[in-house]
Every structure is written in C-alpha cells, then in structure tokens.
Amino acid sequence: MSAKPKLHYFNGRGRMEPIRWLLAAAGVEFEESYLEKKEDLTKLRTDGSLLFQQVPMVEIDGMKMVQTRAIANYISTKYNLYGKDLKERALIDMYVEGMFDLNELLMTHGYQPAEKKEEHYANMIDKTENRYFPVFEKVLKDHGKDFLVGNQLSRADVQLLEIILMAEEWKPNVLAKFPLLQSFKARISNIPTIKKFLQPGSQRKPLIREEDVPKVIKIFY
Ligand SMILES: N[C@@H](CCC(=O)N[C@@H](CS[C@H](CC=O)c1ccccc1)C(=O)NCC(=O)O)C(=O)O
C-alpha cells in the first residue's frame, strides 16, 4: 500500500482546493502539512522541495509534485477520472481549463483589495452567468447523460461541482437560470465519496474570512 499523498499548502483553499476535491472524489486519503508563516515556506525552499519555489506541492508516489495542473493531471490519470479515450480526455481538458479560468476569479475574489472588490465581483458573476455556466448547461443538455463526458465520473464533473458551490457562496441563486446544473449539483453531490467530502469535519476548506487574508499574504510576500 503506497504512502498517503501529503499536501503542502496553507490551511485554506487557494490553489490546492481542486486537488483536495479530486483526491476526495477518488476516495484517496491524504495528509496535509500547513504553512503558517514565511519561515515554513522558506524551509521547503531551502531543502529543495519546491521546483519553482512555490506551493502547492504534493508528495505522491515518491515525487514532490508542484504546479496545480500537473498535480491534477497526474491524480486524474492515476484514479481514472480522465475519460475512457483521447477524445473524451480532449473534452475534459477543454471543460476543465475553462473551469480553471472561472476558478481564478472565484478563488481570488476574497483577496481583492476593497477598492477593487465591487468591480471584481461584477466581472466574476457576469462571467459565471454569461460565459461559463451557459456552456455547461448546454453540454449537459446535448450530451444527455448523468456526467459531462462519456458515462462515467471524470475530473470535469468534480471540478464543476466545486465551482458551482463556490459561485453559490458569492451569489446563492446563481443557478436560477440553469435547471440542468441544479440537477447535476444534486446528482454529483450524492456520489458517496463526494457526499462524505461535503460533510462537516472533512478536509474541505471553508471560504476564507476577510480577517485571515493578511495572514495568508504574509506567508508569501
Ligand atoms: N502556477 C503555479 C502557481 C503557484 C502559486 O502561485 N503559488 C503561490 C501560493 S498560492 C497564492 C498565495 C498568494 O498569492 C494564492 C493564495 C490564494 C489564492 C490564490 C493564490 C506561491 O507559492 N507564491 C510564492 C511565490 O510565487 O514566490 C501553480 O498552479 O501551482
């Protein structure tokens, strides 16, 4: 039995949350090592653990993986969350890259300075409702299956549920015009491994509180 993956990041969502979601959906237990101060980051850097001096870093299968997308690709391939063939993987990649673009907005909103928050929010919600969610609503309609690609769970389904929940945190009725996304959310949330991850006490991280933002920034700058 290989050792559990070990995630190195601060105790929050940031760029590591999509990786936590994938591991949880795959039913893979993982450990976490939290960076709490700049010295914790410096230590990882000086012992040569960070290829680009950055986190996320995941110790998995004897590797110290960095770069969120590379880590997510590895986990998705290893745990069969990447479709059944090259064409399904191509669709999954397109959908997931779009989701990463939306996630960049959703993930960073809480970190925006006061003077940028209103404009950032308007753009974030506009892109959510008018660029990204309409695409996935149509994919679900045209594909007509339980999942976005093929007929099995993939990383695309996992990451779409993650961003749906993040979008709802900022705008609770964001799915009002997307009935197929509403049923998708209920269906995927009910998958046992995901249902467990959504329970209180799991390793899923909460939305960052405004008062904690300076503490996170201080670790990295
Ligand atoms: N391409 C890479 C990029 C990885 C990356 O940007 N890592 C950062 C920490 S995460 C960041 C922390 C505050 O800015 C954050 C925290 C919360 C939300 C968004 C970003 C880092 O290590 N910054 C130190 C440095 O760059 O010297 C990847 O996809 O993995």
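Axes are lines fitted to C-alpha atoms, for helices over the stretch in contact, and the angles between their N-to-C directions run from 0 to 180 degrees. All of the views below come from a predicted model.

**View 1. Helices α4 and α5 pack against each other at an angle of about 155°.** In this view, helix α4 covers residues 86-108 and helix α5 covers residues 114-143, and their axes lie 10 Å apart. Because angles over 145 degrees count as roughly antiparallel, α4 is roughly antiparallel to α5. The crossing of these two helices, α4 and α5, is left-handed. On the α4 side, the contact is made by Tyr95, Gly98, Met99, Asp101, Leu102, Leu105, Leu106 and Thr108, while α5 contributes residues including His120, Asn123, Met124, Lys127 and Phe136. Sorted by class, the residues in the contact of α4 with α5 are 10 nonpolar, five polar and two charged.

**View 2. Helices α1 and α3 pack at an angle of about 5°.** Here helix α1, made of residues 17-25, lies beside helix α3, made of residues 68-78, with the two axes 10 Å apart. Angles under 35 degrees count as roughly parallel, and α1 and α3 are therefore roughly parallel to each other. Ile19, Leu22 and Leu23 of α1 meet Thr68, Ile71, Ala72, Ile75 and Ser76 of α3 in this contact. By class, the contact of α1 with α3 holds six nonpolar and two polar residues, but no charged residues.

View 3. A nitrogen atom of the ligand is 2.7 Å from an N or O atom in the side chain of glutamine 67. Oxygen of the ligand also takes part in such pairs, with an oxygen atom placed 2.9 Å from an N or O atom in the side chain of threonine 68, and an oxygen atom placed 2.8 Å from an N or O atom in the side chain of tyrosine 221.

**View 4. A cis peptide bond joins valine 55 and proline 56.** The omega angle of this bond is about 10°, and proline 56 is found in the loop between α2 (38-46) and β3 (57-60).

**View 5. Aspartate 61 has a positive phi.** The phi angle of aspartate 61 is about 50°, although this residue is not a glycine. Aspartate 61 has its place in the loop between β3 and β4 (63-66).

How values were computed:
Residues numbered from 1 in each chain as written. Predicted model: local features only at pLDDT ≥ 70, side-chain atom pairs only at ≥ 80, totals over all residues. Heavy atoms only, no water. Helix = DSSP H or I, 4+ residues; strand = E, 2+ residues; numbered from the N terminus. Parallel < 35°, antiparallel > 145°, perpendicular 65-115°, else oblique. Left-handed = near helix turned anticlockwise from the far one by under 90°. Contact = heavy atoms within 4.5 Å. Nonpolar A, V, L, I, M, F, W, Y, C, P; charged D, E, K, R; others polar. Polar contact = N/O pair within 3.5 Å; in protein donor to acceptor, adjacent residues only side chain to side chain.
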